[in-house]
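Here is a short briefing for a reader new to this structure. Please look over the sequence and the model before reading on.

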Amino acid sequence: MPLNLNALIRYRQIDRCLRNSFIKCTIKRMQEMCSEQLKAYEGLNENISESSIHRDIEVMRGDSLGFNAPVIGNKDMYRYSDKNYSIVNSSIYDMALLKRVMYLLLEEKDNKAYLKLQKVLSDISDITGIEFIAAEYDHTDQEDSDIDIGAKESCYIENFAPSSSFTDFHEAPEEKEEEGLYSWKKILDAITFG
C-alpha cells in the first residue's frame, strides 16, 4: 500500500474528480488534476502516469487505508457507484496506520508547516502517544483558511520521539472504535487545498 504525501494528494484529487457529476472523469482528467495539485503543493512539475492513476484507484477500492471506495468505470470514464461516497468521509480504525500517517506528516513538517498541519499532528499525537511539540505560530488573527502555505512561518516540530514502535497495534478505546480513531478529511484537508 503506497502511503506517501504525494499519494495522499493524488487520492484526494481522484476523489474530487469521481464525485463531480459535471465533468467526465477520465484517466487523463485525473492525471491533470493530480499534476496540478502536486505542482501547487510540492512545486513538482511532472505528469502523473496513467499506471499511477490505475494503482491509486486500486488502493482506493481496497481497505488498506480504510477507503473501500465504490469506484466503477472503464477506459472511458470512472465514477463512484454511490453518489454520496467520498474518501473524506472515511476514518482510520487501525492504530498502526494512524502512526504511519503521523510519521509521514512529521517527515513533511519542514516542507509545509502551517497551522492546519500542526493541528492534525497535535490531534494524532494525543491519540497515538507520539510526542509532538509545535513552536509558536504568529498568525496575527488569520483564520485557518487564510494561511498562506508559501509564507515563511515559524512553525516547527521539536523533540519527535515515538512512545512505542511504529508497527505496534493498540486497540482503540471502545467509544472511538465506532467512529474510528481519526478522520481522513482532517488529514487530507491539511495537505491539500482548493
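**A buried cysteine and its surroundings**

Cysteine 34 is buried, with a relative accessible area of 0%. The model is a predicted one. Its chain has 194 residues, and 46% of them are buried.

**Overall make-up**

- The chain contains 7 helices and 6 strands.
- In sequence order the pattern is α-α-α-β-β-β-α-α-β-β-α-β-α.
- Among contacts in the chain with a separation of 6 or more, 67% join residues 24 or more positions apart.

**Confidence**

- The chain has a mean pLDDT of 78.
- A pLDDT of 70 or more is reached by 72% of the residues.
- Over residues 137-178, pLDDT stays under 50.
- For that stretch the model has 67 contacts beyond four places in sequence.

**Cysteines**

- The count of disulfides is 1.
- Cysteine 17 and cysteine 25 form a disulfide, with their sulfur atoms 2.4 Å apart.
- The distance falls within the 2.5 Å cut-off for a disulfide.
- A disulfide is a covalent bond between the sulfur atoms of two cysteines.
- Is the disulfide of cysteine 17 and cysteine 25 right-handed or left-handed? The torsion about its S-S bond is about 135°, so the disulfide is right-handed.
- Cysteine 17 and cysteine 25 are both buried.
- Cysteine 34 takes part in no disulfide. The nearest cysteine sulfur belongs to cysteine 17 and is 8.5 Å away.

**Helix 2 and helix 3**

- Two packed helices are described by the angle between their axes and the distance between the axes.
- Helix 2 spans residues 27-42, and helix 3 spans residues 50-61.
- The two pack at an angle of about 95°, and their axes are 10 Å apart.
- Angles of 65 to 115 degrees count as roughly perpendicular. Helix 2 and helix 3 are therefore roughly perpendicular to each other.
- From helix 2, the residues that meet helix 3 are Ile27, Met30, Gln31 and Cys34.
- From helix 3, the partners are Glu50, Ile53, His54 and Ile57.
- By class, the contact of helix 2 with helix 3 has 5 nonpolar, 2 polar and 1 charged residues.

**Helix 1 and helix 7**

- Helix 1 covers residues 5-19, and helix 7 covers residues 184-191.
- The axes of helix 1 and helix 7 come within 10 Å and cross at roughly 105°.
- Helix 1 and helix 7 are therefore roughly perpendicular to each other.
- Helix 1 makes the contact through Leu5, Leu8, Ile9 and Arg12.
- Helix 7 makes the contact through Trp184, Lys185, Leu188, Asp189 and Ile191.
- The contact of helix 1 with helix 7 has 6 nonpolar, no polar and 3 charged residues.

- Tyrosine 11 lies in helix 1. Tyrosine 11 is buried, with a relative accessible area of 0%.
- Tyrosine 11 and aspartate 56 are 45 residues apart along the chain, yet their C-alpha atoms are separated by 6.6 Å.
- Aspartate 15 also lies in helix 1. Aspartate 15 counts as buried because its relative accessibility is 0%.
- Which residues are in contact with aspartate 15, leaving aside its neighbours within four places in sequence? They are Met60, Tyr80, Ser86, Ile87 and Val88.
- Aspartate 15 and valine 88 are 73 residues apart in sequence. Their C-alpha atoms are 8.4 Å apart in space.

- Isoleucine 124 is found in helix 5, which runs over residues 115-128.
- Isoleucine 124 counts as buried, at 0% relative accessibility.
- Isoleucine 124 and lysine 99 are 25 residues apart in sequence and 8.0 Å apart in space, C-alpha to C-alpha.
- Beyond four places in sequence, isoleucine 124 is in contact with Leu98, Val101, Met102, Leu105, Gly129, Tyr182 and Ile187.

**A loop residue with positive phi**

- Asparagine 68 lies in the loop between helix 3 and strand 1 (71-73).
- Asparagine 68 is not a glycine, yet has a positive phi of about 45°.
- Most residues other than glycine have a negative phi.
- Asparagine 68 is partly exposed, with a relative accessible area of 45%.

How values were computed
Residues numbered from 1 in each chain as written. Predicted model: local features only at pLDDT ≥ 70, side-chain atom pairs only at ≥ 80, totals over all residues. Heavy atoms only, no water. Helix = DSSP H or I, 4+ residues; strand = E, 2+ residues; numbered from the N terminus. Buried < 20%, exposed > 50% of the residue type's maximum accessible area, 1.4 Å probe, protein only. pLDDT = per-residue confidence, 0-100. Contact = heavy atoms within 4.5 Å. Axes fitted to C-alpha atoms, helices over the stretch in contact; angles between N-to-C directions. Parallel < 35°, antiparallel > 145°, perpendicular 65-115°, else oblique. Nonpolar A, V, L, I, M, F, W, Y, C, P; charged D, E, K, R; others polar.
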